[in-house]
Every structure is written in structure tokens, then in C-alpha cells.
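The sequence and the model are shown first.

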Amino acid sequence: MLVVDNLYKYFNTNELKKYVLQDISFTVKAGEFVCLLGPSGCGKTTLLRCIGGFEPFSAGKVLVTGQPVLGPGIDRMMVFQGFDQLFSWKTVYANVEYPLQINGLAKKDRHNLVLRYLTMVGLQDYTNYYPYQLSGGMKQRAALARALVLEPRILLMDEPFGNLDALTRNLLQSELLKIWSETASTILFVTHDIEEAILLSDRIIMLSPSGELKDIVPNQLERPRKPGKSGFVELWEHLYSQLGA
Amino acid sequence: MLMLVWETLARTVFFNPTVFPSVTAILNAFAEGVASGLLIEKTAYSLLLIFNGLLISLLTAVLLSSMAIMSSFAENIVTTLNSILHPLPGIALLPVAILWFGIGEASIIFIVIHSVLWPMVVNFMTGFKTIPRIYMDVGKNIGLRPIGLLWGVILPASLPYLLSGTKIGWARAWRSVIAAEMVFGAASGTAGGLGWHIYMTRYLFDISGTFAALLAIIIVGILVEELLFNNIEKHTVIKWGMTL
């Protein structure tokens, strides 16, 4: 599905190369939930933006179903961290409908899809609200519905719950897992939160502070996962020691 | 209150009623002007010039500002033009306008465009530049390409700035059209607008008429502000929670 091969990103400063990402290679299989875990400033968001086609990279390859990534595309939909990603001049419904409209879907076909995904994220009663009338959690739900509605090959999520309070974050994490299993989506999810990575992912790709790939840790804990269940703490300790080193 | 003070002042012996007419005299002249249709005709004529000038400026400003955000070369040109032309008073360009466009509507519209365009460009460029990167990313992600991005993201996202720029443009247009008309008058067969009317009433020493024309300017200003701009804002940026 997604292949990242020997990807480098650097800036040239005073004849020195300043590396942001160094020699990153990994794959994501269809239907897999992979987390990119690393400390702040390690380049995980940059990596995700490179895969999304929002930023150029210096060397290497990014392939989605065999096709090289040249720019942003609807096969890779991004959900951002910021609460300001919804178009504030459109209602929740119109925000989710807009991508379908741009991509040439007839109005009656749009209606069913929009309602289906808004219901999936639990916003079916808020279709006529404007973004400023929604809470942060609801905004992220709407953004998720907007990304899902195009049925992308892979969903790129950049710390989408990072600005939420702990309770809302937990709720949205479990709902995301539900949606993931319902839609059989492929998800690449950036986070700096070890617990979040363990709760969500099938595999955890760890980046070091210098932007190198540190380790890829499989996560086969039984779902649904909870911090108290067996294996959770051990995995947490393992990831923590790797990150701290 | 203001009217009461004015009326009292006008009725004292200190002021000559010919040059400082009372409120009643002004209102009378205003009512006469409206009844005879003269004042309305003059106002409509000036408004038509403003409308033409504003429309051309609006489109040009959108074009210049979008070019400026797409290439730094275009941005340099636009900012340089802006710093050269923005401080130039429109009236100072009148001789040039007359040379280029002759005496008539074209010259007045040219002056209006000059007075309106640069403040609009400054506002529009600020608006375009302050669009959150996330909007542009989302726009590209869902499949919008340059023209679609302009129409679907850039313009609505910077609407608060577009509106404030247009408001400033409108006020500037009013001023410059009156000023230009006072110089051109009803030349080359045109009927002449409010500016010419003000000039003529003063010339004929109909000072109540002069003030009636000023009153017309004020009333139109309030109507446009209250009815047009406030309504547009109520149905767009305020409804969307996008006020600056």
C-alpha cells in the first residue's frame, strides 16, 4: 500500500546539510494501523507531510499502490492537529460535502455519503452548525468525516487529538478504532504520546530526535486495549526507554 | 441634538443666514431637490461613476493580490507600485488624466480607480497572506487546483479583509468622485454629479442647496454602511464567526 524508501529531507545551510529526516524506509500494508512515534521536533510531522505531498523531500521515494507521490492527492487524506482545519464559512454538512462536490459527484449521491460519515463520527445532529459553534472534539470529528468521505487509500493523521482534553481524547481514540474496523481503512497516525500509540496501532515506527528511524515495534496486544491489561506496561516501558535514550 | 445646536447657532445674529443657513432652510432645499428629482439625479449619476470605478478596482485588486501571493516577483512589483502610487492624491493626477482620457467620465473613473485600488490591494494582500496554511493544505488535499483554490478557499477565507478593503474603497471613492466632479463639472455633455452640483450651488450662492447636497452625501454614506455592508457582514463573516 504505502512504501517509503530511503527518504531524506535536508536543508542546505552554509554548505552544510541540515538533516530533518535521514534514510527512512518502511511500508504500511492495506488495512493496517501504524503509529509514527517520536519526541517533539524529530520530524514525524514533516515525514507525514512528505507522504501527504505537502512538502518536497530531498531524496528517496514515496509510493502509494506503486505510484510515486508528486503532490497532495485525494488518495491520501490528511487530518491535522489544529482545530482550524474546517472551512469556517461552511456548515459541518457543507464541509464534508465539499470534497465530493469538487471531485464531481452528483448531488443525490453526495447526500447519502455525507450523512453516512457524519453519522459514523456522531455528528448527524450538527449538520447545520458552523465550525465556530462546535467544541474542539466535534471539530476533529467533522475533519475526520471530511477525510473519510473521499474513501482515501490511506488516512494520514497528524496528532489529531493532541489539543483535546484527556477524556475527549480517550473517547475519540476508541471511536477512531471503531471507524477503522468498520471502514477497513489504512491509517498512518503521528503522535508523541506513547500510550496513544499503544492503544491504537498494529505497529509503532519510532523516530529518533535526529530524524532517523530508530525501530519498528510490532504491537500485538489484544484489542480492546487498556493501560491496565497485561503486556501494556511492558510495551510502554520498552518504548519509553527507547525514546529516552 | 446636533441639528438643534446648528439651528440655534444659525438663528443668532452672529451668522449670516446666506452663508450659514438654518437646518430648516437646508431641509427645505433638500426636500425641494428630492421633489424636483434634481438631487436624486445628481446622486445617481455620482453613484454610477463610483460603482463603475469600484467594480473595476475590485476585480483589479483581486487580480493583483492573487498574482502577488503566487509569485514573489509579482509581489515585488505590486508592493513597489503601491508605495509609489498609494500616497499620490487622486486630484494631483487630474492633469495627467485629462491628457490621457480627456475631460469627462473616463477621467473621473480613472481618478476613482486610482484612489480606491491601492488601499484595496493593501487590504486584500494582507487578507490573502494571513490565510492559515492549513486551509491551503486542506484545499490542495481535497483536489482544488489554483483557480479552484482562489475561488473555494482564498477568497472566502479572506472575506473579512475583502470587506474592510471594499469599505475603505467605497469611502475613498465617494471623496474622490466629488472632488473630481467639482473640477470637471458637467463638461463634455454629461449631466454632472453631486460634486458639480455642490460647485454650482455655491457659484449661484444657493448655500442651502450646497448643504442639501452635503446632506445627500451623508445619507447615502449611512445607507450604504448600514444597509449594504452591515447586511453583507451579518450574512457572512458574523454568521460564520469570522470577524476580525
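## Overall form of chain A

The structure is a predicted model. In chain A, the secondary structure amounts to 7 helices and 10 strands. The radius of gyration of chain A is 18 Å, close to the 18 Å that the globule rule gives for 245 residues, so chain A is as compact as a globular protein of that length. Along the principal axes, the C-alpha atoms of chain A occupy a box of roughly 50 × 45 × 30 Å.

Of the 245 residues in chain A, 41% are buried. Among contacts in chain A with a separation of 6 or more, 68% are between residues 24 or more positions apart.

Strands of a sheet pair through backbone hydrogen bonds, in either a parallel or an antiparallel manner. One sheet of chain A is open and has 6 strands, in the order β6-β7-β8-β3-β9-β10, and its pairing is mixed. Its edge strands are β6 and β10 (213-218) of chain A, each of which pairs on one side only. From one strand to the next, the twist averages 20 degrees.

Within this sheet, strand β7 (residues 154-158) of chain A pairs with strand β8 (residues 187-191) of chain A in the parallel sense, over 4 bridges. One residue pair can be named here: A:D158 has A:V190 in β8(A) as its bridge partner. Helix α4 (residues 136-148) of chain A packs on the sheet and touches β6 and β7 of chain A. The direction of helix α4 of chain A makes about 175 degrees with that of β6(A).

## The four-stranded sheet

A further open sheet of chain A has 4 strands, ordered β2-β1-β4-β5, with antiparallel pairing. The edge positions are held by β2 (16-28) and β5 of chain A, and each of these strands pairs on one side only.

Strand β1 (residues 2-13) of chain A and strand β4 (residues 59-64) of chain A run antiparallel and are joined by 5 bridges. A:V3 is placed opposite A:L63 in β4(A). Helix α1 (residues 44-52) of chain A lies across β1, β2 and β4 of chain A, and runs at about 115 degrees to β1(A).

## A:V69 and its surroundings

The loop between β5 (67-68) and β6 of chain A contains A:V69. Is A:V69 buried or partly exposed? A residue is buried if 20 or more other C-beta atoms lie within 10 Å of its own. A:V69 has 19 C-beta neighbours inside 10 Å and therefore counts as partly exposed.

Leaving aside residues up to four places away in sequence, A:V69 touches A:I51, A:G53, A:V62 and A:V64. For A:V69 and A:I51, the separation in sequence is 18 residues, and the C-alpha to C-alpha distance is 7.1 Å.

## Contact with chain B

In the contact between the two chains, 18 residues of chain A meet 15 residues of chain B. The elements of chain A that give two or more residues to the side touching chain B are β6 (76-79) and α2 (92-102). The most is given by α2(A), with 3 residues.

By residue class, the side of chain A that touches chain B divides into 13 nonpolar, 4 polar and 1 charged. Strand β6 of chain A, which gives residues to this side, is also an edge strand of the six-stranded sheet.

Methods. Residues numbered from 1 in each chain as written. Chains lettered and ligands numbered in written order. Predicted model: local features only at pLDDT ≥ 70, side-chain atom pairs only at ≥ 80, totals over all residues. Contact = placed C-beta atoms within 7 Å. Nonpolar A, V, L, I, M, F, W, Y, C, P; charged D, E, K, R; others polar. Rg over C-alpha atoms; globule rule 2.2 N^0.38 Å. Buried ≥ 20, exposed ≤ 12 C-beta atoms within 10 Å, placed from the backbone. Pairing = 2+ DSSP bridges. Axes fitted to C-alpha atoms, helices over the stretch in contact; angles between N-to-C directions.
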